[in-house]
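Take a walk through this model with the coordinates open. Begin with one residue, then widen the view.

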Amino acid sequence: MLELPGLHSQDSLKDEVEQVRRYLARFVPQLEQQLKAIGEDPAMTGRTETLLAKLYNSQAEQYRMLAVEHGKIAVEKTGGDRDAISELCNAWGSYVPDWCVRNHHALIEWLSDYCGRNPNNRAALMWLLDNLIDDRRLAEARQWLEKLAALDDSFRTPMYRYLIAKADGDRDEAEKQLGVLESLADSEWCCATTLGDIYTQRQDYDKAIAWYRKGQELQPSPKYTDSAISIAHICEIRGDRDGAIEAYREQLRLMREEWGIVSGEERDEVERAIQRLR
């Protein structure tokens, strides 16, 4: 993520927004120009476009962060105005009940076409399955899952079978596939953390924490911080402030020892979370 200067300073909100706009206006065009120059080499075009996508996503995230902060103030200052609440929730990535807003049909159609032309791309197939299941297009999901199963004999196939059965209300099949996943958990760290996610969604938090810890233990270095973050969030949900602080400290340890991150906004954000809970 691009680190913007002064984002957490005591400057007025108006100055803060203007500072961000000036920074992006100066920095983003320069980086765009450099990336496009590199992209003139046909061999580098794909990588350049990937970096540009990352740049624009990072830029959008910075504006979303600002929208959240302004939205919180707007809700308080307007006495809970409906429009202000909507803007805050949209900025914060809230669930949206309106099907016309939350469905993924455009992305699904694009991915379906891409996977049809690139049937061996596991990553694209998994994104397609995720979105089909979220939209409850389960008959299509089952068809695409067979294509994934032909490529992938890992835990991912029973994982998607579990997710489809769960979405379809087939409890017996879901429990069967969950048992398969648990039997495979020692074979790949991702399987253990996936079980952490599943048990979190089932609100079986003790099991979830155990699986997250198992996944972190199995993962080779450099270890990601996802398991520690998930445990911290569970502890906050449960009102376990001490447990959350411990998990955030574990996140800091992983950042320092596994990734060499000892300063910067990413680390500061975790430190702020610890201070908030004290």
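This is a predicted model. Start at Leu-88, which is found in helix H3, residues 82-91. Is Leu-88 buried or exposed? Its relative accessible area is 12%, and buried means under 20%, so Leu-88 is buried. Which residues does Leu-88 touch, leaving aside those up to four places away in sequence? They are Val-68, Gly-71, Lys-72 and Val-75. Take Val-68 from that list. Leu-88 and Val-68 are 20 residues apart in sequence, yet their C-alpha atoms are 5.5 Å apart in space.

Now step back to the whole chain. The protein has 14 helices and zero strands. Its pattern along the sequence therefore reads α-α-α-α-α-α-α-α-α-α-α-α-α-α. There are 278 residues, and 36% of them count as buried. The protein exposes about 17,000 Å². Carbon and sulfur atoms supply 50% of that area.

Next come the helix pairs. Two packed helices are described by the angle between their axes and the distance between the axes. Apply that to H8, residues 156-167, and H9, residues 171-184. Their axes come within 8 Å and cross at roughly 155°. An angle over 145 degrees counts as roughly antiparallel, so H8 and H9 are roughly antiparallel to each other. H8 passes H9 in a left-handed crossing. On the H8 side, the contact is made by Pro-158, Met-159, Arg-161, Tyr-162, Ala-165 and Lys-166. They meet Glu-173, Ala-174, Gln-177, Leu-178, Val-180, Leu-181 and Leu-184 in H9. By type, the residues of this contact divide into nine nonpolar, one polar and three charged.

H9 also packs on H10, residues 189-201. Here the axes come within 9 Å and cross at roughly 140°. The crossing of H9 and H10 is left-handed. From H9, the contact takes Leu-178, Leu-181, Glu-182 and Leu-184. From H10, it takes Cys-191, Leu-195, Ile-198 and Tyr-199. Seven of the residues in the contact of H9 with H10 are nonpolar, none is polar and one is charged. Leu-178, Leu-181 and Leu-184 meet residues of H8 and also residues of H10.

Move on to H12, residues 226-238, and H13, residues 241-259. The axes of H12 and H13 come within 8 Å and cross at roughly 165°. That angle makes H12 roughly antiparallel to H13. The crossing of H12 and H13 is left-handed. H12 brings Ala-228, Ile-229, Ile-231, Ala-232, His-233, Cys-235 and Glu-236 to the contact. H13 brings Gly-243, Ala-244, Ala-247, Tyr-248, Glu-250, Gln-251 and Leu-254. The residues of the contact of H12 with H13 divide into nine nonpolar, three polar and two charged.

Finally, look at the loops. Most residues other than glycine have a negative phi, and most peptide bonds are trans. Which residues join in a cis peptide bond? They are Ser-221 and Pro-222, with omega about 0°. Pro-222 lies in the loop between H11, residues 205-218, and H12.

Two loop residues have a positive phi. Arg-136 is one of them, with phi near 60°. It is found in the loop between H6, residues 122-134, and H7, residues 138-151. Its relative accessibility is 51%, so Arg-136 counts as exposed. Gln-203 also has a positive phi, about 60°, although it is not a glycine. The place of Gln-203 is in the loop between H10 and H11. At 58% relative accessibility, Gln-203 counts as exposed.

End with Val-262, in the loop between H13 and H14, residues 265-277. Its relative accessible area is 54%, and exposed means over 50%, so Val-262 is exposed. Even so, Val-262 touches Arg-256 and Arg-267, not counting residues up to four places away in sequence. Val-262 and Leu-252 are ten residues apart in sequence and 8.4 Å apart in space, C-alpha to C-alpha.

How values were computed
Residues are numbered from 1 along each chain as its sequence is written. This is a predicted model: local features need pLDDT of at least 70, side-chain atom pairs count only at pLDDT 80 or more; totals for chains, interfaces and linings use all residues. Side-chain values use heavy atoms; hydrogens and water are left out. Helices (H or I, at least four residues) and strands (E, at least two) are DSSP runs, numbered from the N terminus. Buried means under 20% relative accessible area, exposed over 50%, partly exposed in between (1.4 Å probe, protein chains only). Accessible areas come from the Shrake-Rupley method with a 1.4 Å probe; for residues, only the protein chains shown count as cover. Axes are lines fitted to C-alpha atoms, for helices over the stretch in contact, and angles run from 0 to 180 degrees between N-to-C directions. Angles under 35 degrees count as roughly parallel, over 145 as roughly antiparallel, 65 to 115 as roughly perpendicular and the rest as oblique. A crossing is left-handed if the near helix is turned anticlockwise from the far one by less than a right angle, and right-handed if clockwise. Contact means heavy atoms within 4.5 Å. Ala, Val, Leu, Ile, Met, Phe, Trp, Tyr, Cys and Pro count as nonpolar, Asp, Glu, Lys and Arg as charged, and the others, Gly among them, as polar.
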